[in-house]
Amino acid sequence: FRSAVTVSALSVPRTASVDAQLVENEDGTYSVTDEVYGTEFADEDLQADLLVQISEALADVSGGQSAFNTGSISLTFPEGIYIKPSVYNNDPVLTRERDVYNSYCKAKITYQYGSETEVLDWSVIKDWVVINPDEAHIDRDLAWAYAQDIAMRYNTRYYERTFHTTTGRTVVFPSGQNEYGYTVNVDGEFGKLLDNISANEEVTREPVYYTRNDYDNPVFYKRNGRDDLAGNYVEVSISDQHLWMYKNGSVIVESDVVTGCVAKGHETACGVFPLAYKKSPDVLVGSNANDGYRTPVDYWMPFYEGQGLHDANWRGSFGGSIYQNSGSHGCVNLPPWAAKAIYENIEAGMAIIIYK
């Protein structure tokens, strides 16, 4: 007994079928690949099919002859035996995921912190994407947490501040004495962040800050990363009765001063304050019933609750111990030349740093 079986399909190396899948393209977008039909099959399935063919051939009598009589059987390799892909390129889950990813994947926010930058892009945003059968969205809790994280890492206002003085001391200002700096508006940043991602756009911007205080005056000037002074500030040492003005890291004005009178309880407040504004000329008015005054000045630069820097041309000298008994009502008195130089170089929002 002989059998003739077509064996060409058996001699080809078996390759597995490949499901369609979501892939990221070189340009960052997404597409769904085609499924690939392989040549892999289960041996037991082939054996079962061939047994059926043999049984049918032996039972078939044609022209008075059966396969048993002729000693020859012709078998056909079953094409349907191949293991097919389980996921196709029109799979609704894959195509929906592709479309949703493509609607967000180009979003890239480059945050600027002075000369430093931080990038939020698809590598992070991808984990925020929530895809449901009926809709897709950005996880608001994760976006909110990111906005809060920015605030925690970059806020400088109302946080304890360490300052290194010109004379080599280290002064620590408690949070309540630090009114200068950056405060991220978490609500505003959260909303802006969702808008940027939903627009699927690339943007470069600063975080959304609270830029002005309750008096509508600026609360900061400029920064370099976490350094919100960036070499631009006025430093006043009450103990030394001396002032230094820094601009872009260099001292441009240095002078003796007279601060608030200790004996009369008018001490100048210590802290880090943003300059509210500047005005030239102006008239300083004291409303205290026992110590009222109206004093014209050429250069007025307020920083905290009526206290400010200004020229004091009525004083014949500055520095030393004058402030102990004959100091000001709280302001920092300056020689006219120093007040003029500071006025010409200072801007609203610049830090005034005062310590004992």
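In helix H9, Glu344 and Lys340 are four residues apart and are therefore separated by about one helical turn. Helices here are DSSP runs of type H or I with at least four residues, strands are runs of type E with at least two, and both are numbered from the N terminus. The side chains of Glu344 and Lys340 meet in a salt bridge, with an N to O distance of 2.6 Å. The term salt bridge denotes a side-chain nitrogen of Lys or Arg within 4 Å of a carboxyl oxygen of Asp or Glu. Lys340 has a relative accessibility of 36% and counts as partly exposed; on this scale, buried means under 20% relative accessible area, exposed over 50%, and partly exposed in between, for a 1.4 Å probe and protein chains only.

The model is predicted, so that local features require a pLDDT of at least 70 and side-chain atom pairs count only at pLDDT 80 or more, while totals for chains, interfaces and linings use all residues. Residues are numbered from 1 along each chain as its sequence is written, and side-chain values use heavy atoms, with hydrogens and water left out.

The structure holds nine salt bridges. One of them links Glu118 with Arg153, whose closest N and O atoms are 2.7 Å apart. Because Glu118 belongs to strand S8 (residues 116-120) and Arg153 to helix H6 (residues 140-154), this pair ties together parts that are 35 residues apart in sequence. Glu118 is buried, at a relative accessible area of 17%, whereas Arg153 is partly exposed, at 27%. A further salt bridge is formed by Arg212 and Asp216, with closest N and O atoms 3.0 Å apart. Arg212 counts as partly exposed, at 42% relative accessibility.

Another arginine, Arg161, is located in strand S11 (residues 161-164). With a relative accessibility of 9%, Arg161 counts as buried. Its side chain is joined to that of Asn178 by a polar contact of 3.0 Å. A polar contact is a pair of N or O atoms within 3.5 Å; within protein, one must be able to donate a hydrogen and the other to accept it, and residues adjacent in sequence count only if both atoms are side-chain atoms. Not counting residues up to four places away in sequence, Arg161 touches several residues, including Val171, Phe173, Tyr180, Asp228 and Val272; contact means heavy atoms within 4.5 Å.

Strand S20 (residues 300-304) is mostly covered, as four of its five residues are buried. S20 pairs with strand S21 (residues 307-311) in the antiparallel sense over four bridges, where pairing requires that DSSP finds at least two bridges between two strands. Tyr304 stands opposite Gln307 in S21. The hairpin of S20 and S21 has two residues between the strands, and in this hairpin Glu305 takes a positive phi near 40°.

Ala348 is placed in the loop between helix H9 (336-345) and strand S23 (351-355). Ala348 counts as partly exposed, at 34% relative accessibility. Leaving aside neighbours within four places in sequence, Ala348 is in contact with Pro218, Tyr221, Leu275, Ala276 and Tyr277.

A search of the whole structure finds zero disulfides, a disulfide being a pair of cysteine sulfur atoms within 2.5 Å. For Cys270, the nearest cysteine sulfur is that of Cys331, 15 Å away. For Cys331, the nearest is that of Cys261, 13 Å away. Cys331 counts as buried, at 8% relative accessibility.
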